[in-house]
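Reader: I would like to learn how to read a model like this one. Could we take it feature by feature?

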Amino acid sequence: MAGSMALNEEEAYELLTFLVTSARIQQDEPASYGSLRLLTAAERLSGFMMEHSSSGNRGFLAGIQEDIEQMTDSMADVERFVTSLDELCRVVAQHLVEQNGLSGGAS
Amino acid sequence: MLELIRTRRVIRSMTDKPVKRAHLEKVLEAGRWAPCGGNHRLLRFVAIQNPVTLRLMRKVSPGMSQRPAAAIVLCIDWDQVKVHKIPAHDRAISIDVGTAMENMMLAAHSIKLGSGPVTSFSKEALRVVLNIPQNLSPEVIICIGHAAPKDQMIMIPKKKVTWQSLTDWERYAG
């Protein structure tokens with residue numbers, strides 16, 4: 001994974017623009033929309049990453065996209081939305097742990 | 001007419017099938033005939049079909065989940081607001097945007113096109129992308145295209161809404 005490109009220049013600019021414009025419109029929108037925008041950015045990022053990543057990571061990224069799609073559909077149920085966000089955080093952290101060879105108990 | 005109103009939905013997923021110019025013109029005409037405060041005609045429309053422009057619009061519009069084949073941007077002409085000596089905070093200005101938007105969305109639905117409004121965009125970035133002058137403010141983007149058969153992000157209301165549940169007769173009952 002080290003040194004490989006996660007997204008190309010065009011994709012990076014798309015994400016950059018999305019984040020900057022989201023930062024501005026967030027000033028005019030309900031606070032809960034902030035989570036939605038960040039999730040949309042994460043969904044787009046994972047979509048771009050899928051194009052460039054190794055086959056081993058594609059399943060993880062596809063799962064992330066699927067989770068985000070389901071979550072954004074159920075935002076009206078705040079409690080469920082927050083629970084899903086926590087679960088997504090755990091999934092991402094677990095992936096990082098495994099990628100960095102930290103799985104297993106303390107030694 | 002009531003059937004059109006009942007069956008119109010906000011379309012958040014569209015196919016890449018092009019929208020005919022003549023169809024877009026019908027939608028624009030519906031906007032022109034929308035009721036407006038004092039018949040002052042404070043709105044201006046920017047219609048877009050160029051795929052590159054549409055792609056750039058989407059990039060500066062975080063709320064645009066669609067990839068529309070066409071779009072119409074409804075702008076308030078603040079020079080006209082001044083000409084008619086209308087206070088900038090007059091609610092009629094925003095109501096004009098709403099009536100034109102609804103007319104356009106119903107017109108699109110009547111010719112089997114899907115539509116979806118987007119207000120979550122950077123006004124300044126959109127101004128740059130579409131070369132919109134300072135006297136105009138873009139208020140809403142109406143995405144127009146052919147509805148994808150599936151993959152619609154449906155927002156289900158928490159409780160069922162009927163006209164009766166929204167209405168009080170003669171005096172507000174609370």
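This is a predicted model: local features need pLDDT of at least 70, side-chain atom pairs count only at pLDDT 80 or more; totals for chains, interfaces and linings use all residues.

Reader: Start with chain A. How many helices and strands does the secondary structure of chain A have?

Author: Chain A comes to 4 helices and 0 strands. Along the sequence the pattern reads α-α-α-α. The C-alpha atoms of chain A fill a box of roughly 45 × 35 × 25 Å along the principal axes.

Reader: What share of the residues of chain A counts as buried?

Author: Chain A has 107 residues, and 14% of them count as buried. Look at contact range too. Among contacts in chain A with a separation of 6 or more, 49% join residues 24 or more positions apart.

Reader: Now helix packing. Which two quantities describe two packed helices?

Author: Use the angle between the axes and the distance between the axes. Take α2(A) and α3(A), the latter covering residues 55-73. They pack at about 155°, with axes 9 Å apart.

Reader: Are α2(A) and α3(A) roughly parallel or roughly antiparallel?

Author: Angles over 145 degrees count as roughly antiparallel, so α2(A) and α3(A) are roughly antiparallel to each other. Their crossing is left-handed.

Reader: Which residues of α2(A) and α3(A) meet?

Author: From α2(A), the residues include A:L36, A:L39, A:A42 and A:M50. From α3(A), they include A:L61, A:I64, A:I68 and A:M71. By class, the residues of this contact divide into 10 nonpolar, 4 polar and 2 charged.

Reader: At what angle do α1(A) and α2(A) pack?

Author: The angle is about 180°, and the axes are 10 Å apart. Therefore α1(A) and α2(A) are also roughly antiparallel to each other. A:E11, A:L15, A:F18, A:L19 and A:S22 of α1(A) meet A:R37, A:A41, A:R44, A:L45 and A:F48 of α2(A). That contact has 6 nonpolar, 1 polar and 3 charged residues.

Reader: Next, the interface. How many residues of chain A are in contact with chain B?

Author: Count each side separately. Here 12 residues of chain A are in contact with 9 residues of chain B. Then ask which elements supply them. On the side of chain A, α1 (9-25) and α2 (32-52) each supply at least two residues. The most come from α1(A), with 7 residues. Finally, sort by class: the side of chain A has 3 nonpolar, 4 polar and 5 charged residues.

Reader: On to cores. What is the general idea?

Author: In soluble globular proteins, nonpolar side chains tend to be buried together. In this model the largest nonpolar core has 42 residues. Those with the most contacts inside it are B:A71, B:M104, B:I141, B:I142 and B:I144.

Reader: Which elements give two or more residues to this core?

Author: In chain B they are α2, β1, α3 (51-59), β2 (70-77), α5, α6 (123-130) and β4 (136-145). The most come from α5(B), with 8 residues.

Reader: Pick one core residue. What does B:I141 touch?

Author: Leave out residues up to four places away in sequence. B:I141 then touches B:M57, B:S61, B:M64, B:A71, B:V73, B:V118 and B:F121. There is also a second, separate core of 5 residues, which includes A:L39, A:I64, A:I68 and A:M71.

Reader: Which residues of α3(B) are buried?

Author: B:L54, B:M57, B:R58 and B:K59 are buried there. Next, see what covers them. The cover includes α1 of chain A, together with β1, β2, α6 and β4 of chain B.

Reader: Last, single residues. What should I know about phi?

Author: Most residues other than glycine have a negative phi. B:R41 has a positive phi, near 55°. B:R41 sits in the loop between α2 (21-32) and β1 (43-48) of chain B. With 14 other C-beta atoms within 10 Å, B:R41 is partly exposed.

Reader: Where is B:K112, and what is its phi?

Author: B:K112 is in the loop between α5 (91-110) and β3 (114-118) of chain B. Phi of B:K112 is near 65°. B:K112 counts as exposed because it has 9 C-beta neighbours inside 10 Å.

Reader: Is B:E29 buried or exposed?

Author: Exposed residues have 12 or fewer neighbours. B:E29 has 12 other C-beta atoms within 10 Å, so B:E29 is exposed. B:E29 lies in helix α2 of chain B. The C-alpha atoms of B:E29 and B:M104 are separated by 8.0 Å, though the two residues are 75 apart along the chain.

Methods: Residues are numbered from 1 along each chain as its sequence is written. Chains are lettered from A and ligands numbered from 1 in the order in which they are written. A residue is buried if 20 or more other C-beta atoms lie within 10 Å of its own, exposed if 12 or fewer, and partly exposed in between; C-beta atoms are placed from the backbone. Two residues are in contact if their C-beta atoms, placed from the backbone, lie within 7 Å. Ala, Val, Leu, Ile, Met, Phe, Trp, Tyr, Cys and Pro count as nonpolar, Asp, Glu, Lys and Arg as charged, and the others, Gly among them, as polar. A nonpolar core is a set of buried Ala, Val, Leu, Ile, Met, Phe, Trp, Tyr and Cys residues joined through C-beta atoms within 7 Å. Axes are lines fitted to C-alpha atoms, for helices over the stretch in contact, and angles run from 0 to 180 degrees between N-to-C directions. Angles under 35 degrees count as roughly parallel, over 145 as roughly antiparallel, 65 to 115 as roughly perpendicular and the rest as oblique. A crossing is left-handed if the near helix is turned anticlockwise from the far one by less than a right angle, and right-handed if clockwise.
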